Amino acid sequence: MVKVEINGQVVEAREGDMLIDVADSASISIPRFCYHKKLSIAANCRMCLVDVEGAWKAVPACATPVTDGMKVNTRSPKAIAAQKAVMEFLLINHPLDCPICDQGGECELQDVAMDYGDDVSQYSEAKRIVGDRNVGSLIQTDMTRCIHCTRCVRFGQEIAGLKELGATGRSEWMEIGTYIEKSIDSELSGNMIDLCPVGALTNKPFRYKARSWELKAHPTVAPHDSIGSNIFVHTRNGEVMRVVPRENEAINETWIADRDRFSCEALHSADRLTQPKVKAEGHWSSMDWSLALQVTVEKLKPYLANPEQIAILLSPNSTLEEVYLVKKLANALGINNIEHRLRQQDFSADQYGINQTLAMRLADVEALDSVLVIGGHLRKDLPLLNNRLRKAQLNGCEVNVVNPSGLDYNLGIEHQVDTLSLVSELASILKAANELVDQDNQVELAAVTFNATHTAIANSLIKGKKSALMLGLIAQADVHYSKILQLASQLAQTTGSSFSDLPAFSNTVGANLILASNSADLTNWLANGKKVFINVGIEPEFDCLLADQALRAMQQAELVINLTAFDSVSQQNYADIMLPIAIFAENAGTLVNIQQDWQSFKLFASAKGEAKPAWKVLRVLGNMFDLEGFDYTNTAEVLAEIKALNLSIKQPDYQCNLDLSVITPTPSSLVPCYSVDGMVRRSPALQATPDAQLTNPLN
Amino acid sequence: MSSVDTLNIIQGDVKKRIDRWLARYPVDQKQSAVIPSLRIVQEVNGGHLTKEIMDQVAQYLEMTPISVYEVATFYSNFEHQPVGRHKICLCTNISCMLRGSDELLDYLKTKLDVDVGQVTEDGKFSIKKVECLGACVNAPMMQIDKTFYENLTEQRLDEILDSLE
Ligand code: SF4
Ligand code: FES
Ligand code: FES
């Protein structure tokens, strides 16, 4: 530790820390543009110049390591003169278009100019103009405003792993851009909007929608993937306008995925169901809630004599409270068929227990030294887990994958096995590992062969001090999922690695906690049909892996009740009752993420039309069925009841007695990242990206 | 100009020349050879680069295309529009300017009947304004191809241009 004196205040710091970090930690403000704590140091804007005793010129605080006894002044005449001069230079070519700039009011350049700039400029010559290119549906560019801090360029290179923007030309003609007409395609691209200190890169769907000072920020949790990224939702008069990241080092750091940022458009989709609707003799009529719920209860009653005929399909993005109430209501009515793992078809491993979590904290992923990803396109499915893995890889971690071919990686892959049969490849790696450690296990591998790649992967896991196996969404969708689980967990044991069957969606972990004891057989229900389906927060024809079968099952059912936020032609065709539910910011509840953080969030946006949070609908249904214990007044009461159950995840003990003789390769089932749920399917901006083109069933 | 396959420019002799440069750098730092590589492909393409050609360099050197564009637009030796068989680079920086380079430029433009950045009808010449080439002692000056011509006058200019094939 060293002692530094800044503006007369003595601050303790580690030797070698940059002056700007030390000042930040002591809440002494130093203006900056190019510096960002998550990016490399560029020291090109010079805004952070400070006066260091003994140095005859002002020095950049972002690139000056502290030394013991250093005396720094950020407000001396020398520092102030430097700040004013830099500010004047930066403004030479910056347009005076703040009144029509979306960044106005939340612009670092405005703020710093106010605090540190001079009131007049000596520059009276013409300012330059930079032409704009269309970089896609998410980011709006106004490159004349760019001050060349290169944060966006460094973000692409260092974080997104995909350098899409660059600085072309030189001197006065230097421009930041793509140089050619090209969209910015990273799944994390929206973060450049936050990084850009000026209005050069702004949120395209949000353009001209509101001024920052009209907005109220509400802390909440992103509703799509299992990372549970912390976000702020900005509302104006109770209406959701946009989403920005909320810093949480332990979860999302300062980033969020594009899916989390841009999906909020869907709240205002024309598809929103705004009133309860009931079908009678082929005609839909809207009615008020009490009537619609009465009809629901009456129609359901005759089937309750034999509740086996009823199945409930539930979104893995439902809140913990909703899942719990669904289960409580269902069980009270004798219904046991409840499932949220809609993108899975092989449930035979349930007998051993279910544990879909990350076997470590997200931050610990960065310290891994060998990782094998099996059937997972982490970059698109869990972008921020992939970001941690990428950091590990840059630190020397060996990343190996066993995946279908054609996936795009943004990190260095050591060995890549392209396959349609995850099971056979896993068996080969396991056999290679067995030979390496000279050990036999319960798995019958006599007929299995392996090659040098299998040995290399096994070896990497064995010699890794912190090695990990991770199963992704593609593995979970495999017809042989249970065999994959057994082989992978055995491989983890043999090689001394941790094992994570990664949860995909925002409350997969929570739903598993509550529903683990329900024996379910979704594949069977869809193939052989049920008389009644109750769908909560999903569109089965898009959200189920076996989409065609799901649609057929819905069409053939006698009664289909959808608690849904969105109306659609296909639901109108098969459903009998549609009850509008609130989503995202219109709802309150709790989501359990990949590392088992229980994150509760409040309601702060008014629901569309008559839509109600699902937990309230379930509560009223409980009352109408005259059931005990449905008198909640808020989600906190439901949560308290859940907590009192002391639910915990038990580590499954996979028995490895498998028969590998009948392995058929399965066509891979990649879930396109912008089709994963009703909200992202209805975000026009996301749907206009290349990632969505292949895919959205609604298109 | 011999015909070159611009869609597959890194082959044969070109490939050999680039590989010679690559041999000087560690295998995982192929981008070190970007400037010589661009110079080679520009030369065989008759003096200028295109997006397709830069993309091939990017691929060959395992760089992202934008990183190659950055280099190729930063250095003024790289051209992005067709140039004449002889590229006249006239210095218009301070010393040369004080010694009459602006007038020389006007003379040149009228003589060749082209503007800066354009190519004469016969494809022989194009004009480019450049910054100081470090020959201020003998200003004004210009560079054509690989030769410096100094202490220029209108008459010298005529002689030099006439002497070129
Ligand atoms: S676009 Fe924004 S982030 Fe990128 S260099 Fe310009 S000012 Fe910086
Ligand atoms: S913040 Fe230090 S030079 Fe830009
Ligand atoms: S100014 Fe022309 S060569 Fe230096």
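What pattern does chain B follow when read along the sequence? Chain B runs α-α-α-α-β-α-α-β-β-β-α, with 7 helices and 4 strands in total; helices (H or I, at least four residues) and strands (E, at least two) are DSSP runs, numbered from the N terminus. This is a predicted model, in which local features need pLDDT of at least 70 and side-chain atom pairs count only at pLDDT 80 or more, while totals for chains, interfaces and linings use all residues. Residues are numbered from 1 along each chain as its sequence is written, and chains are lettered from A and ligands numbered from 1 in the order in which they are written.

On the confidence side, the model scores ipTM 0.86 and pTM 0.92. For chain B the mean pLDDT (the predictor's confidence in each residue, from 0 to 100) comes out at 94, and 98% of its residues reach 70 or more.

The C-alpha trace of chain B spans about 50 × 30 × 25 Å along its principal axes. Of the 165 residues in chain B, 28% are buried, that is, have 20 or more other C-beta atoms within 10 Å of their own, with C-beta atoms placed from the backbone. Contacts are pairs of residues whose C-beta atoms, placed from the backbone, lie within 7 Å; among those in chain B with a separation of 6 or more, 60% join residues 24 or more positions apart.

Over in chain A, ligand 1 has 14 residues around it, and Cys146(A), Cys149(A), Cys152(A), Cys196(A) and Ala200(A) come nearest; a residue is near if its C-beta atom, placed from the backbone, lies within 6 Å. The shell splits into 11 nonpolar, 2 polar and 1 charged.

Helix H12 of chain A (residues 452–463) is 12 residues long and reaches 16 Å from first C-alpha to last, close to the expected 16 Å, which is 1.5 Å times one less than its number of residues. Its buried residues are His454(A), Ile457(A), Ala458(A), Ser460(A) and Leu461(A). They sit on the same side of H12(A) because they cover an arc of only 155 degrees around the axis, taken from the directions from the helix axis to the C-beta atoms. Their cover includes helix H11 (422–437) and helix H14 (481–495) of chain A.

How values were computed: Nonpolar A, V, L, I, M, F, W, Y, C, P; charged D, E, K, R; others polar. Buried ≥ 20, exposed ≤ 12 C-beta atoms within 10 Å, placed from the backbone. Contact = placed C-beta atoms within 7 Å.
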